[in-house]
Amino acid sequence: MSNPLADMDKPTVIFCIGTNMTEAHPVAATRLKKAIANGAKLIVADPRRIGLADISDLYLPIRVGSDAALLLGMAHVIQREGLVNDVFMADRTTEGETFLEHVKQFTPEWAEGITGVPAADIEQAALWYAQAERGAIYYTLGITEHICGVDNVQSLCNLALMTGNIGREGTGINPMRGQNNIQGAGDMGALPNNYPGFQPVTDPKNQEKFEKAWGIKVDLEKGITKVTALDSCGDAIRAMIIDGENTVVTDPNRDHCEKALKSLDLLVVIDIFLTDTAKMADVVFPAAAWGEVDGTQTNTERRVQRLRKAIDPPGEAKPDWQILQMLAQRMGFQGFEHESAKDIFNEVCSLSPTYYGLDWDRIEHGEYQWPVPEKNHPGTPRLHEDGFINGRGIFKLINYRDPAEVIDDDYPVWLTTGRRLQAYHTRTQTGRSAGIDYLLPEEVLEVHPDDAAKWGLVDGEWAELASRRGKVEIKVRTTNRSPKGTVFASFSFADVPINALTGSGYDPVTQTAELKVCAVRVKPCKKGVL
Amino acid sequence: MIMTAAEAQTHCMTLDGVEVQFVEGETIYDVARRYHKDIPTLCYDERLEPFGGCRMCVVQVEGMRSPVASCTMPAAPDMVVQTQTHEIDSHRKTLLELLISENREVDVDPLRGYASQELATLVDAYDARTGRFEGGQSGATRDDDDNPFILRDYDLCISCYRCVRVCAEHEGDYAISIMNRGFATQITTEFNGLLKDSSCTFCGQCVQTCPTGALGDKKAMRHTDTPGEIEKTRTICPYCGVGCAVDLMTKGETIVGLQPAMDGPANEGALCVKGQFAYDFIQHPDRLKAPMVRGDDGELHETDWDTALDRAADGLKRVLEQHGRHSVYGVASGRAPCEAAYSMQKFIRAGFGTNYIDNCSRA
Ligand code: SF4
Ligand code: SF4
Ligand code: FES
């Protein structure tokens, strides 16, 4: 997030797109509700009539995967109506003129044709956002889990840059990170292109720096992404070590994923439960869980906070870092002589420019948001206040692209996936916490009542859902939250492996899977037919 | 513009005989708290709009005939305030005597909720267990609500409305409301039904703000009889990226409950159902307790660390030898602490000299 969570009650116009915040980030949503109570206007763009839509001033029911078209249409209106923030564009951005020329072709009427949202509503959204004293954008995986995820994010940046809604209190471009420490994992350099602190591996200076620190020269070329690695399993990739990820359930195209892992010479999994992925491993190491280890975790607003140990891990389970250290020692690797999480964190700080001013003791109370480039630096709750890291904000010319898979006669229904309030990921944790079943006993397919009638489905009865990649049986729930022609389910329940269906395509840049869109057909069935 | 404290006007007033400064917009209670005055409250929750319902926080203001509720009264220039006089003390004591005359119990287990000891603590501080009044009782317990999280023991309710207000103002959920008045007052849902049929999200905020334990954390209360003192460990919720601060409660080596950290920088006391109630997975019997390796029979078998580590290291070395360093790939967790992710990428980079590392954010 460019702005802190504390800013969430300060915008005058809030634009939420592709975020089911009341379910996926409930506590953040409570802050937005305060902004609304203070008079802020809320614009919500989402294919489903989610909880946020109920409290919005303007709801834009876009067709799944049509986000870029909506955003281009909005940029067109802002340009046409002369609402561009010229001063901001002149002072802080580049390529603006080409961009303003580029968006002239994308009228709201054109966008209506693709998104299904009335042109007048697109105009209204653009006017509100552009005229806002403080306009803030919030988004999550609804924007990124598409083949055009990068384009979508870039389109949001374009909107913020052309209106100057960035670098100030109550504005910004704010992706909400899904997992507790997904921000931290990136910060730590668990990426094929960056060392810790987002230092590119392709820069010889960084290579030198880490050679000095670790005593080994690391490739100057980027590594491959997990998606590519899975594609090359059994071929170029022969061994994998996976920590705390239930890959076969969370990743798209389960069948492909299982085959990939099976073809390895060696699979090592570190986890707290014997997940479906761990079951395929040659070696499984038992990890100490949350509540059983000391460590750090970085949240969606870049706040570095301490995790503390309250009880001992069960049996012989050990902290992940210790497991990896023991394995490294057996391999004869150098630099794995840490005594504690504190040791490791302090090593991170010494090597990462974003954490450089931090150390274990300084983060005791969690008041720092990175970057903290030097000791005594107060941290950076708000990014881009005095300028962009690379000098100027660059406009990118985006064009709309159809999703990798579009509906046709064989698969005439859109399926989109997401999260539910009471379940977390594959329920390895929430499913094992007492009482949660009372609120969410099973997965359901959300279907518009008219569609249900048309397709012969009955609320509470079963349906067979099939895509080009697989089939699942799932209970039907009729609801007006689903638009006509689009059905919804989450991937939380093992007995309804929704990701057997997904996985039609990937973003070419980030290789994020298009989990939000796939084409399916739905028909009634009796439980147990598959 | 959003006004910051520095831009607001400062004025002077007299507090317990000492001249103090305040900024416009502060209540007497706000000022007194800054100067470490110990004014008792019951219907006050600093995250909520002042309500002024219980009158425990009364103070004497010069020129006003009766004591005023400090939590709602704005501080004014040249005001002269006494926070503790004999008259005020006896007023507070009487209030407490009246309040507990309505209640079946005053002393409740601290596992019921974060604020559950507030009433009992005040009753003791003001020595109010006199039984001077015999009251009718307001609020009837809802034993029929069998949800696994929130006990609705309204026999203990003192109608402070903190639960209703936290739900509306802090959560924006408006799941509960107030029905009837006086002794017939009842906290209820829209159709006077079960919480699960209302717009309740089971965030547990009502439980944590209730000053009497009328609302209780049912999950934690299962451990009322577990022996040992309650210990609290400050940590961060293990679910989403908001990073809510929590206090994990243990008795010995048993997790008994969890409460929000009211001063958590990301959440300021708020939590959702996952953070509040889905903490006990770590003590589930399914937890892996020993390393496992795949045997000749194709099954996974438990073994000791040495065997498992050797097996993994030998396997990695063999692959390295036969297929080169670009045949090994590491996937770090977005769930585990930073130290785990750092160790994984260092394992790959410093160990194999490649950038064949990623985390699970792409899925
Ligand atoms: S249930 Fe608790 S918080 Fe709610 S009104 Fe009664 S005493 Fe106050
Ligand atoms: S309590 Fe809820 S909102 Fe807060 S970090 Fe946990 S899952 Fe996210
Ligand atoms: S605390 Fe002030 S009236 Fe209740």
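Chain B is divided into four domains in this predicted model. Domain 1 covers residues 10-84, domain 2 covers 102-222, domain 3 covers 226-287 and domain 4 covers 293-362. The C-alpha centres of domain 1 and domain 3 of chain B are 34 Å apart.

Chain A has its own assignment, with domain 1, domain 2 and domain 3. Here the C-alpha centres of domain 1 and domain 2 of chain A lie 35 Å apart. The table gives the bounds for chain A.

| Domain of chain A | Residues |
|---|---|
| Domain 1 of chain A | 5-176 |
| Domain 2 of chain A | 182-351 |
| Domain 3 of chain A | 413-524 |

**Where the chains meet**

The two chains touch each other. On one side, 115 residues of chain B take part; they are in contact with 143 residues of chain A. The size of an interface is often given as the accessible area lost when the parts come together. For chain B and chain A, the buried area is about 11200 Å². Carbon and sulfur atoms account for 63% of that area.

Charged side chains also meet across the interface of chain B and chain A, where eight salt bridges are found. One of these links Lys346(B) to Glu347(A), with 2.8 Å from N to O. Polar contacts are counted as well: 67 residue pairs between chain B and chain A, with both residues at pLDDT 80 or more.

Which helix of chain B gives the largest share of the side that touches chain A? Helix α9 of chain B, residues 338-352, supplies 14 residues. By class, the side of chain B that touches chain A has 58 nonpolar residues, 29 polar ones and 28 charged ones.

**Strands across and within chains**

Strands of a sheet pair through backbone hydrogen bonds, either parallel or antiparallel. One pairing joins the two chains. Strand β9 of chain A (residues 239-243) runs parallel to strand β15 of chain B (residues 328-332), and four bridges join them. Within this pairing, Ile242(A) has Val331(B) as its bridge partner.

Chain B also holds an open sheet of five strands. Their order is β2-β1-β5-β3-β4, and the pairing is mixed. Which strands form the edges? They are β2 (18-23) and β4 (68-69) of chain B, each pairing on one side only. Further in, strand β1 (residues 10-15) and strand β5 (residues 80-82) of chain B pair in the parallel sense. Two bridges join β1 and β5 of chain B. Leu15(B) stands opposite Val81(B), which is in β5(B).

**Two backbone details in chain A**

Trp370(A) and Pro371(A) are joined by a cis peptide bond, with omega about 5°. Pro371(A) sits in the loop between α17 (341-351) and β14 (393-394) of chain A.

Arg302(A) is not a glycine, yet its phi is positive, about 65°. Arg302(A) lies in the loop between β12 (295-298) and β13 (304-307) of chain A.

Definitions and conventions: Residues numbered from 1 in each chain as written. Chains lettered and ligands numbered in written order. Predicted model: local features only at pLDDT ≥ 70, side-chain atom pairs only at ≥ 80, totals over all residues. Heavy atoms only, no water. Domains from an automatic or database assignment. Contact = heavy atoms within 4.5 Å. Buried area = accessible area lost by both parts, 1.4 Å probe. Salt bridge = Lys/Arg side-chain N within 4 Å of Asp/Glu carboxyl O. Polar contact = N/O pair within 3.5 Å; in protein donor to acceptor, adjacent residues only side chain to side chain. Nonpolar A, V, L, I, M, F, W, Y, C, P; charged D, E, K, R; others polar. Pairing = 2+ DSSP bridges.
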